[in-house]
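Here is a friendly walk through one protein model. Have the viewer open and follow along.

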Amino acid sequence: MLNEEKIAVYPGSFDPITKGHIDVIERASFIFNKVIVLVGVNSKKTNLFTEDERCNMATQALKHLHNVEVSKHQGLIVEYCRQYKAIAMIRGIRAVSDFEYEFQIALMNRKLEPEVHTVFMMPHEKYTYLNSTIVRELARYQKDTSDFVPEYVSAMLAEKFKDNSL
């Protein structure tokens, strides 16, 4: 196991990817040989961007990280982890309120696939209040989102809402 590639999967809807997500991914890329950012479908959410748009935004935002790749998947994340021999699933925790939900999911994932370990990572404290929903809401009202998302993503948000009548 010493020489094996240590692969982690960081799943999310990334609708859109934020600087908080990027912060967690950058730090994970120092810990693992390879990080797969997995753009998924959350059955409880309605996305603003298509899967392909979200993958494109993530790819653009993460191109500076040579051991990070972006992929997409519909289905259980632990099945993807098993298929690609990932040893860990990265989950971002912003606040205590995130922990309860994430803890339940981690326990279920452990039951389904004991060989995949959940690693909780906190973003830099300047991003603890940040989430994709807040960013989308700002963009809906034509507010500048460039402090919260990469420039490319900010432009895509502006384009999505350019004809939005308040």
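This is a predicted model: local features need pLDDT of at least 70, side-chain atom pairs count only at pLDDT 80 or more; totals for chains, interfaces and linings use all residues.

Residues are numbered from 1 along each chain as its sequence is written, and side-chain values use heavy atoms, with hydrogens and water left out.

**Pockets**

Rolling a probe the size of a water molecule over the atoms shows where empty space is left. Here a pocket is an open set of points on a 1 Å grid over the protein atoms alone, where a 1.4 Å probe fits, with protein on both sides within 12 Å along at least five of seven lines; lining residues have an atom within 4 Å of a point. A volume is the space filled by probe spheres set on the points, which are joined across faces, edges and corners.

| Largest | about 1200 Å³ | Gly12, Asn42, Lys45, Arg91 and Glu102 |

The largest pocket is lined by 42 residues, which divide into 17 nonpolar, 17 polar and eight charged. (Ala, Val, Leu, Ile, Met, Phe, Trp, Tyr, Cys and Pro count as nonpolar, Asp, Glu, Lys and Arg as charged, and the others, Gly among them, as polar.) Helix H4 (96–112) is among the elements that supply at least two residues each, and H4 gives the most, with seven.

**Helix contact**

The axes of H2 (residues 51–61) and H6 (residues 151–160) come within 9 Å and cross at roughly 150°. The two helices are therefore roughly antiparallel (over 145 degrees). Glu53, Asn56, Met57 and Gln60 of H2 meet Tyr152, Val153, Met156 and Lys160 of H6, where contact means heavy atoms within 4.5 Å.

**Aromatic pair**

Of five aromatic pairs in the structure, one joins Tyr129 and Phe148, edge-to-face at 6.4 Å centre to centre and 90° between the planes. (Rings pair if their centres lie within 6.5 Å; planes over 60 degrees apart count as edge-to-face.) Tyr129 lies in the loop between strand S5 (117–121) and H5 and Phe148 in the loop between H5 and H6, so the pair ties together parts 19 residues apart in sequence.

**Backbone details**

Most residues other than glycine have a negative phi, and most peptide bonds are trans. Lys85, in the loop between H3 and S4, has a positive phi of about 55°. The peptide bond from Asp15 to Pro16 is cis, with omega near 5°.

Definitions and conventions:
Axes are lines fitted to C-alpha atoms, for helices over the stretch in contact, and angles run from 0 to 180 degrees between N-to-C directions. Helices (H or I, at least four residues) and strands (E, at least two) are DSSP runs, numbered from the N terminus. Angles under 35 degrees count as roughly parallel, over 145 as roughly antiparallel, 65 to 115 as roughly perpendicular and the rest as oblique. Rings of Phe, Tyr and Trp (its six-membered ring) pair if their centres lie within 6.5 Å; planes under 30 degrees apart count as stacked, over 60 as edge-to-face and the rest as tilted.
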